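Visitor: I am new to this structure and would like to know what stands behind the terms used for it. Please show it to me.

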Amino acid sequence: DLLGGSPAGRDLRAEAGEIYEVHLNDPTHAGEAYAKVLVDDPSHAKASEGMARIAESTGDFETLAGILEQRAETAQGREKVEALLKIAELYEDQLGDLGEAEQRFKAVLEVQADSLDALKGLDRIYNRTSNYRELLTNLERQVAVAPTPRQKINLDERMASLYDEEFLDHASAAESLDLVLKLDPTNDAALTKLERHSRALARWDVLNDLYQRHAGLTADPARKVELLMQQARVLAENIGSPNQAALVYERVIEAQPGHGPALEALARLREQAGDARAALTAIEALAETAPNPVAQAEQWVRAARLLESRGDRDAAIDRYKRAIEATPQDAAIATSLRHAYAARGDAASVVKLIERELALAEGDVVKARLHGEMARVLRDKLYADDDAEKHAKAAISIDPSNADALLVMGDIAFEG
């Protein structure tokens, strides 16, 4: 006290405060000593640091913030930055005043524009307040100063997610993902997301390239097939390049023989292109690998009709037979086979087929129709009038209005 407010006196009071604080564990008298020093010299380092310790240990964060504010006003360079960061974190974590915390972090950036601590602090605040537009700007600044490629990738991925989820901005999200892939060309998640955004933007050429690139990178065979199928569909349906699509479908079949959807798509493309031979090969492969008899029969019928369209009746009949072997009860296939035999002029085979169908037929309507058709074939093609009359009568006994049977009976009566 004798030295009053002289520099030496202030130093002695600060030392006394430190003794009270550290050695006597008396924060009250220590605080009084530090306070007297700071009244005369707000920038006194030892008193300021001591008062700050006491405020922090007692939870008096408002006092601590005030002390740090005074320190920041007179400090320069790194010391000023550290004081402002400490103040900002106090407002953010202890005082719950995010507005004040934001202003202090911004003050740090005015002193040190590339302070990652300040940028990350603002990042936290913008997230907590859902201020996504400012958050995007902040993330861009973080990318500019991030020291490692991995950190830049994480920030660009966050930006892509924000553009996608909060702003529904596919174009900006795609730009951020492009930046990720420049740093990490094999990033599976970025490729997958960029494919989705490219589809939403109808960037078909870009999407085609992405699928091709992605398929070449993946080590998972099933994933590779999935990506190639997507690429082929884009080529066929969106870009309008069926020949290129067919080549990609062939890659799928090479990687996974018997892949049903690829075989189906390839057959359709070959049919559309007029390449009947290649289409037939694809259809028959589908039949061989069909998961059940009905699906198998469907493909054999498809092959038969393709062969019929080319005028190859013998080969068509062979495929219809295979279809019937798969589904013996299918009346529609039997009818198609009968028509194929009839077109070839093989009436005897038509009769055998009708006899087979009669043996399997259920219901009077079906039986009447088959007896009538049998009567027509026997009468018109084989000239077996007695047998024709027998079947015509059988049909009329079931269905008196059966046209085929009535016509046969009329012809026989007229000629008799």
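Visitor: Which residues of H22 are called buried, and what makes them so?
Guide: The buried residues of H22 are Ala-388, His-391, Ala-392 and Ala-395. Buried means under 20% relative accessible area, exposed over 50%, and partly exposed in between, with a 1.4 Å probe and protein chains only. This is a predicted model, where local features need pLDDT of at least 70, side-chain atom pairs count only at pLDDT 80 or more, and totals for chains, interfaces and linings use all residues. Residues are numbered from 1 along each chain as its sequence is written, and side-chain values use heavy atoms, leaving out hydrogens and water.

Visitor: What does the face turned away carry?
Guide: That face of H22 has the exposed residues Asp-386, Lys-390 and Ser-397.

Visitor: What do the buried residues of H22 pack against?
Guide: They pack against H20, H21 and H23, where contact means heavy atoms within 4.5 Å.

Visitor: Why is H22 called a helix, and what span should it have?
Guide: Helices are DSSP runs of H or I with at least four residues, numbered from the N terminus. H22 has 14 residues and should span 20 Å at 1.5 Å a residue; its end C-alpha atoms are 20 Å apart, which agrees. The expected span is 1.5 Å times one less than the number of residues.

Visitor: How many helices does the protein have?
Guide: The protein has 23 helices and zero strands.

Methods. Helix = DSSP H or I, 4+ residues; strand = E, 2+ residues; numbered from the N terminus.
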